[in-house]
Amino acid sequence: MRKVKKNLGWIVVFLLLILVFKNWFWKGIISSGDAPFWFLEKVKEFPSFPFLWSESEMGSYQAVLGHFFYFILFPKLISFLNLSWEWIERICFYWLFLALGAFSSWHLAKTVIPQCKFKFLSVLIYLLNTY
């Protein structure tokens with residue numbers, strides 16, 4: 001019982017994040033606007049070696065070396081599991097955002113105010129902030 005009380009804040013944070021971001025955990029396409037949608041065949045054709053310029057779908061060239069490892073290499077590696085873009089997008093972008101956002105805001109609170117017992121609130125404030 002004592003352990004449950006100690007972790008109650010983290011359990012509430014976890015359940016609240018699942019509730020707020022519930023569409024990120026279920027099946028279905030959630031990207032729109034600037035987020036691309038690629039079929040599995042296209043993802044498997046991503047290059048394994050970084051290159052400097054790429055022809056975009058709009059007919060112009062764009063520099064891609066800066067975001068190669070995150071935007072191209074990770075989805076390509078996960079595509080070997082034969083997951084659809086729906087799941088690759090969730091794993092590489094949305095779930096990674098939640099994990100890094102939760103960890104980094106908690107770590108900052110732990111570093112700045114180590115004696116505070118409510119460090120879990122920093123995770124809620126950061127991830128649920130609409131501004």
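A pocket, as I use the word here, is an open set of grid points with protein on both sides within 12 Å along at least five of seven lines, and its lining residues have an atom within 4 Å of a point.

**Entry 1: the second largest pocket**

I began with the lining, keeping in mind that the model is predicted. Trp-10, Val-13, Phe-14, Leu-17, Ile-18, Phe-25, Leu-98, Ala-99, Ala-102 and Val-123 line the second largest pocket. Two elements give two or more residues to this lining, namely α1 (2-20) and α4 (85-112). Of the elements, α1 gives the most, with five residues. I then sorted the lining by class and found 10 nonpolar residues, no polar ones and no charged ones. The space in this pocket comes to about 160 Å³.

A reminder to myself on the method: rolling a probe the size of a water molecule over the atoms shows where empty space is left.

**Entry 2: the overall layout**

Next I stepped back to the whole chain. I counted five helices and two strands in the protein. Read from the N terminus, the order of the elements is α-α-β-β-α-α-α. Of the 131 residues in the protein, 29% are buried. I also looked at contacts with a separation of 6 or more, and 57% of them join residues 24 or more positions apart. The accessible surface is about 9700 Å², and carbon and sulfur atoms account for 69% of that surface.

Phe-21 sits in the loop between α1 and α2. Is Phe-21 buried or exposed? Its relative accessibility is 12%, so Phe-21 counts as buried. Setting aside residues up to four places away in sequence, Phe-21 touches Leu-98, Leu-127 and Leu-128.

Beyond its neighbours within four places in sequence, Trp-24 is in contact with Ile-30, Arg-90, Tyr-94, Trp-95, Phe-97 and Leu-98. I also noted the C-alpha distance from Trp-24 to Glu-86, which is 9.6 Å for a pair 62 residues apart in sequence.

Phe-25 lies in the loop between α1 and α2 too, and Phe-25 is one of the residues that line the second largest pocket. Its relative accessible area is 24%, so Phe-25 is partly exposed. Which residues does Phe-25 contact, leaving aside its neighbours within four places in sequence? I found Ile-18, Trp-87, Arg-90, Trp-95 and Leu-98. Phe-25 and Arg-90 are 65 residues apart along the chain, and their C-alpha atoms are separated by 7.8 Å.

**Entry 3: helix α5**

Which residues of helix α5 (residues 120-127) are buried? My list reads Phe-120, Ser-122, Val-123, Leu-124 and Leu-127. These buried residues pack against α1 and α4.

I gave Ser-122 a second look. Ser-122 belongs to helix α5, and its relative accessibility of 17% is why it counts as buried. Not counting residues up to four places away in sequence, Ser-122 touches Ser-105, Trp-106 and Ala-109.

**Entry 4: Asn-82**

I went through the backbone angles next. Most residues other than glycine have a negative phi, and most peptide bonds are trans. Asn-82 is not a glycine, but its phi is positive, at about 60°. Asn-82 lies in the loop between α3 (68-79) and α4. Its relative accessible area is 52%, so Asn-82 is exposed.

**Entry 5: cysteines**

Cys-92 counts as buried because its relative accessibility is 3%, whereas Cys-116, at 24% relative accessibility, counts as partly exposed.

Conventions: Residues numbered from 1 in each chain as written. Predicted model: local features only at pLDDT ≥ 70, side-chain atom pairs only at ≥ 80, totals over all residues. Heavy atoms only, no water. 1 Å grid on protein atoms, 1.4 Å probe; cavity = no way out; pocket = protein on both sides within 12 Å on 5 of 7 lines; lining within 4 Å. Points joined across faces, edges and corners; volume = space filled by probe spheres on them. Helix = DSSP H or I, 4+ residues; strand = E, 2+ residues; numbered from the N terminus. Nonpolar A, V, L, I, M, F, W, Y, C, P; charged D, E, K, R; others polar. Buried < 20%, exposed > 50% of the residue type's maximum accessible area, 1.4 Å probe, protein only. Contact = heavy atoms within 4.5 Å. Areas by Shrake-Rupley, 256 points an atom, 1.4 Å probe, with all protein chains shown as cover.
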